[in-house]
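Subject: Structure for you to look through

Hello,

Here is the structure I promised to pass on. Please open it beside this email and follow along.

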Amino acid sequence: MRRMPTDRPATRETMRAPKGMLDVLPPESARWTELVARFATRAQRFGYGLIVTPIVEHYEVFQRVGETTDVVRKEMYEFVDRGGRHLALRPEGTAPVVRAYAQHRPTTPWKVWYLAPNFRAEQPQAGRYRQHWQVGAEVIGLDDPDVDVEIIELVHGFFRDLGLRDVRLLINSMGDTESRDRYRAVLLDYWRSHASLLGNDMERAETNPLRILDSKRPDWHDMLERAPQLGEYLNDASAAHFARVQEGLQLLGVEFEIAPRLVRGFDYYTSTVFEFASGALDAAQNAIGGGGRYDRLAEEMGAPAAPSIGFGIGIERVLLACDAEGVLPAPPARVDAFVIDLVATHEALLLLAELRESGLAADRSYGSRTMKRQMAAADRSGAGWAVIIGEKELARGLVSIRDLASGEQVEVPRLEVAAWLRMRKDERTS
Ligand code: HAM
């Protein structure tokens, strides 16, 4: 790890967000609020509670994610803190949840959902960032195939709820340890017979033969097409589990395709794996969500054995897919009322507090601006009504309320403004 350069003056470059990391500003951020709220509602409906874990973990937490995967080997943001601890920024959300399970030993089944940023030092491009956000969920301590169906159904319904239609669900089974060991041996023989084409990657093939399968290299296409398939090596128990998952999905009307080469990017996967691919995005970044079982991870991380399953959904990619399909537009930022202050006393402050406490969205402009400039600000705010505090009206205990769409204006007792606006708002929305 390199030492930090110190005391360098700030430059235009250093005052920008780091490469591959995005700021999310209004009005775009309103789509995030909407997406997260819908996900949270759905996860709660399925019986999941929110979990929040630190953004940094001890480096070792991520070792089991995949010593042979790029995400851990090459892309992890790791550092030594002031106390000499080797820490890493979270590259993905499953290992921290299992670490929390190992630490707190909650009663199982433990069903949790999360919203969290993840860090991977990848080559940034549209849909691939160095910091990306995921909403996801994990179920710790159940091996019932119905749980696999439930988890997939949760994601499937979420995408439908957002309005996405051009989405394919790909599923596969990685089998249990016995099935996978058998398959690994056959696959390794196959890679060895193609050693010249694999070149330097032969070393990776030797340590983790499955890792080669998810490569997108065009010159390997034929070799990958002809590679032995995992499905043929599943033992009876693994095949039965996978068959139950498929039956469940069919019963619920969730369409899927079996993708025999889908092995997913991390070492912890076992049994059912799945990915949702958006047809509206470029093939290299079309995965908008994915997950699977990791039945041995808890045990490998020192916790009581607990078969588990989960998924992560990339928020930025989902929003790109929404753009491409023309769904989930940013809702216009809008307040109900905009207060125009022509008296420059504390009246605007008081009235605004009253409106907001009564549940209305309200705003104002500041700094004793002219009526014209304040009205222009009211128009920009998208408010339904301008509440005008004028000297003469106020002396009579009244304020004027102007409907900004029709231009119609009425006088309302100052003390009844909030109730009047609430009534009109209810009439409009009902
Ligand atoms: P993952 O497939 O690496 O799985 O990431 C989940 C989703 O995050 C992807 O489908 C994609 O939408 C998004 N994503 C991943 N990398 C990037 C990136 N560099 N830029 C933008 N979006 C990205 C996991 O992380 C597992 N923890 C999922 C899981 C949970 N498996 C079991 N439980």
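How much accessible surface does the protein have, and what percentage of it belongs to carbon and sulfur atoms? The accessible surface comes to about 22000 Å², and 51% of that belongs to carbon and sulfur atoms. Accessible areas come from the Shrake-Rupley method with a 1.4 Å probe, and for residues only the protein chains shown count as cover.

Some ground rules. This is a predicted model, where local features need pLDDT of at least 70 and side-chain atom pairs count only at pLDDT 80 or more, while totals for chains, interfaces and linings use all residues. Residues are numbered from 1 along each chain as its sequence is written, and side-chain values use heavy atoms, with hydrogens and water left out.

**Overall picture**

The protein has 15 helices and 16 strands. Both are DSSP runs numbered from the N terminus: helices are H or I with at least four residues, strands are E with at least two. The radius of gyration is 28 Å, well over the 22 Å that the globule rule gives for 430 residues, so the protein is more spread out than a compact globule. (That radius is taken over C-alpha atoms; the rule is 2.2 Å times the number of residues to the power 0.38.) Along the principal axes, the C-alpha atoms fill a box of roughly 90 × 60 × 45 Å.

Of the 430 residues, 50% are buried. Buried means under 20% relative accessible area, exposed means over 50%, and partly exposed is in between (1.4 Å probe, protein chains only). Now take contacts, meaning heavy atoms within 4.5 Å. Among those between residues at least 6 apart in sequence, 71% join residues at least 24 apart.

**Helix 3**

Look at residues 94-104. Nine of the 11 residues of helix 3 are buried, so the helix is largely enclosed by the rest of the structure. The buried ones include Pro96, Arg99 and Tyr101. Their cover includes strand 2 (56-58), strand 5 (110-119), strand 6 (131-140) and helix 10 (297-300). Arg105 follows helix 3 and has a positive phi, near 45 degrees. In the loop between helix 3 and strand 5 sits Pro109. A cis peptide bond joins Thr108 to Pro109, with omega about -5 degrees.

**Charges**

There are 55 positive and 63 negative side chains. Lys and Arg count as positive, Asp and Glu as negative; His and the chain ends are not counted. The centres of the two sets lie 5 Å apart. Each charge is placed at NZ of Lys, CZ of Arg, CG of Asp or CD of Glu.

The structure holds 31 salt bridges. In a salt bridge, a side-chain nitrogen of Lys or Arg is within 4 Å of a carboxyl oxygen of Asp or Glu. One network links Asp201, Arg204, Arg217 and Asp219. Within it, Asp201 meets Arg204 at 3.3 Å, N to O. Arg217 also bridges to Asp201, with the closest N and O atoms 3.6 Å apart. Arg217 is in the loop between helix 7 (202-207) and helix 8 (221-225), and Asp201 in the loop between helix 6 (195-198) and helix 7, so this pair ties together parts 16 residues apart in sequence.

Another bridge joins Glu354 and Arg414, with the closest N and O atoms 3.0 Å apart. Glu354 lies in helix 12 (residues 347-357) and Arg414 in the loop between strand 16 (409-413) and helix 15 (417-429), so the pair ties together parts 60 residues apart in sequence. Glu354 is partly exposed at 31% relative accessible area, whereas Arg414 is buried at 9%.

- Val245 is in helix 9 (residues 236-251) and is buried, with a relative accessible area of 0%.
- Arg264 is not a glycine, yet its phi is positive, about 65 degrees. Arg264 is buried at 13% relative accessible area.
- Ala344 also is not a glycine and has a positive phi, about 55 degrees. Ala344 counts as exposed, at 55% relative accessibility.

Best wishes
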